[in-house]
Amino acid sequence: MTATISRIQKRNTLISVLIILPSVILIGIFIYGFIGNTLYTSLTDWGKSAGLALNPEKHFIGLGNYKDLFTGFIHSRFRQDIINTVFYSLFLLAGTLILGLFLAILLDRSVKYEGVFRTIFLYPMSLSFIVTGTIWRWLLSPNGGINLIPTAFGLPKSNFLWISSRASILNFNWQNLPTILFIPLGLLTLFLAVSNIRKKRKGRGIIYGLLTLYFLLYITVLKDIFPPILPFKEKHGLNLATLGIIMAGIWQYSGYTMALYLAGLRGLSESMKEAARLDGANEFQYYWKIAIPNVKPITLSAVIILAHISLKLFDLIYALAGADNINTGHPAINMYLTTFRANQFASGAAMAVILFILAALFIIPYMVHSHRERKY
Amino acid sequence: MKPHNLKKLTFYLFLILLAGIYLVPMYMAFITSLKEPSEINLLTSWSFPSKLNFKSYSSAFLLLKTDVFNSLILAFSATILSSFIGSINGYVFSKNKFRGSEIIFTLLLFGMFIPYQIILIPLFQVLKAIGLYGSLGGLVVAHVIYGIPIVTLLFRNFYDQIPGSIMESGRLDGAGYFGLYSRLILPLSIPGFVVVGIWQFTQIWNEFLWGITLTKPSSNPITVGLSQLAGGQAVSWNIPMAGAFLAALPVLLIYIFLGKYFIKGLLSGSVKE
């Protein structure tokens, strides 16, 4: 009896493997194989002059393409694109999380016609970025749309150039980038060192302490000894033209975070709310002290998904500002232009890899975390 | 008025104001699409058209006709194909786990989160090499393959909710591997197919990156067509706005009438049920 069962089980396992085998092979080639291929391409010169050939003779050149992107004169746009991505991500995250949570809290009571309101807040999510971009392009035109709103209150119309503004704030010299990064990093490692030593974890404490020391040393002494990371001064900052894109993005995705948070808030038990009320907590205290900490897992998934979306802003920027708009640039747009318009496949591959690494920073920890959760 | 009611009134007024703000882009697109080109003026962009002009819609449709049909063929065929792949994969990963299946599942899911730029160059080359570059077929292939992770995840989550006891009783009735699938699981899968179908259809309908890099003008999907409609310099804005409505229409209809399933697809994978 047990022998037959185990034979059936073996047979079933074999069928299972055969069923998923095509998917596994396809994903193996089209995801993992292709990632490897792009990675390799980024380390070659893609046949230089024969760049248009389908199978050019590639020469391995190591990290040359990456070095060009970060230190080459012509790739100043790419460096600004990276800075833009940081701001796109930060603002999109902050905007959608705060607004989404706010909307969810508003609807998390017996609101009449709740369904109607929910539908209205969420419908932008169903649209494509191209539709959103097309419509917002009209809304953000310099002499109409949004800029006319002040006139409704008797004020003069706004003259802000939403998409084409060349102004930027928070400017810094790219040569100072390590210093700018190392100050917050140093404070973080200092904090970690102190808290680890306090918790009697000496080993970790010492490692963080050494890191802090290195950052301090760099900021004070080493930065003048090492050659500058860029041979010339180069100004970068927060381009004001990106604000229109961010606004459209928040309009499109705040309903999504609202839906996530609303599901989470509804999932909290009624008794929790009741207990808080009996303890004399008012509504604000309930949300601040009880509800928000309890929907932390939702905040985590929302952060992952939105960080991921902000790396995919390609469509929105393309439709709203155009691919050639240098002020609203994004590595994904630059990769498209470099690869498919300028036919510099190797350089484009290097940009794709950088974009991929930025995404992987968020995704891999998340995948490991959810894999563990599924397992146990 | 009682203070309580006043508070309630302010609350609802505030909510209505917010809803109004969310509707502004749609309102602007709608009124602009109904204006005569001569009436379109940035200074009066907020005001209602003096005379309704429905011709923008027929002109936009005429310009986007091929793209709309391309997208319909693409979205329907890729959605149907990937739904069946998702269903059978989900059946394995939910009801027929074996040693190592969890790690394979996780490795499959990884493909869902990558920025597609990282696979774009080899995909472009491979499609070119097998003669599918520039055609709708190439796009279908891309959507089916890169859809595998999400459809597998959605179906697995769906099948996880089918209790094991049903499977057990089916087994006692003598149903084998595929008998269980076709007689027990498939008939219960209709809501799963609806969720996955809606999800894939809207994703594929809205997709742009592959549309612009992997197709020729004759096989452009609607998103590419729309972006070209609005991209020109001296555009008369009623046409792109009408085009935006045409491009949004299928997904908006799905969202309004099948919103429940749309939200289900949206939430699964991010919220544990």
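This is a predicted model: local features need pLDDT of at least 70, side-chain atom pairs count only at pLDDT 80 or more; totals for chains, interfaces and linings use all residues.
Figure 1. In contact terms (heavy atoms within 4.5 Å), 90 residues of chain A meet 87 residues of chain B.

**Figure 2. Polar contacts between chain A and chain B.** The rule picks out 15 residue pairs in polar contact across the interface, both at pLDDT 80 or more. That takes a pair of N or O atoms within 3.5 Å; within protein, one must be able to donate a hydrogen and the other to accept it, and residues adjacent in sequence count only if both atoms are side-chain atoms. Salt bridges between chain A and chain B number zero.

**Figure 3. The salt bridge of A:R79 and A:E234.** These side chains meet at 2.7 Å, N to O, and the rule (a side-chain nitrogen of Lys or Arg within 4 Å of a carboxyl oxygen of Asp or Glu) gives ten salt bridges over all chains. A:R79 sits in helix α3 (residues 76-107) of chain A and A:E234 in the loop between α7 (202-225) and β2 (235-239), so the pair ties together parts 155 residues apart in sequence.

**Figure 4. The largest cavity.** Its lining counts 41 residues, with A:Y253, A:H308, A:K312, B:W199 and B:Q203 nearest the centre. α8(B) brings the largest share of that lining, six residues.

**Notes.** Residues are numbered from 1 along each chain as its sequence is written, and chains are lettered from A and ligands numbered from 1 in the order in which they are written. Local features need pLDDT of at least 70, side-chain atom pairs count only at pLDDT 80 or more, and totals for chains, interfaces and linings use all residues, while side-chain values use heavy atoms, with hydrogens and water left out. For the cavity, on a 1 Å grid over the protein atoms alone, it is a set of points where a 1.4 Å probe fits but cannot get out, and lining residues have an atom within 4 Å of a point.

Terms used:
On a 1 Å grid over the protein atoms alone, a cavity is a set of points where a 1.4 Å probe fits but cannot get out, and a pocket is an open set with protein on both sides within 12 Å along at least five of seven lines; lining residues have an atom within 4 Å of a point. Grid points are joined across faces, edges and corners, and a volume is the space filled by probe spheres set on the points. Helices (H or I, at least four residues) and strands (E, at least two) are DSSP runs, numbered from the N terminus.
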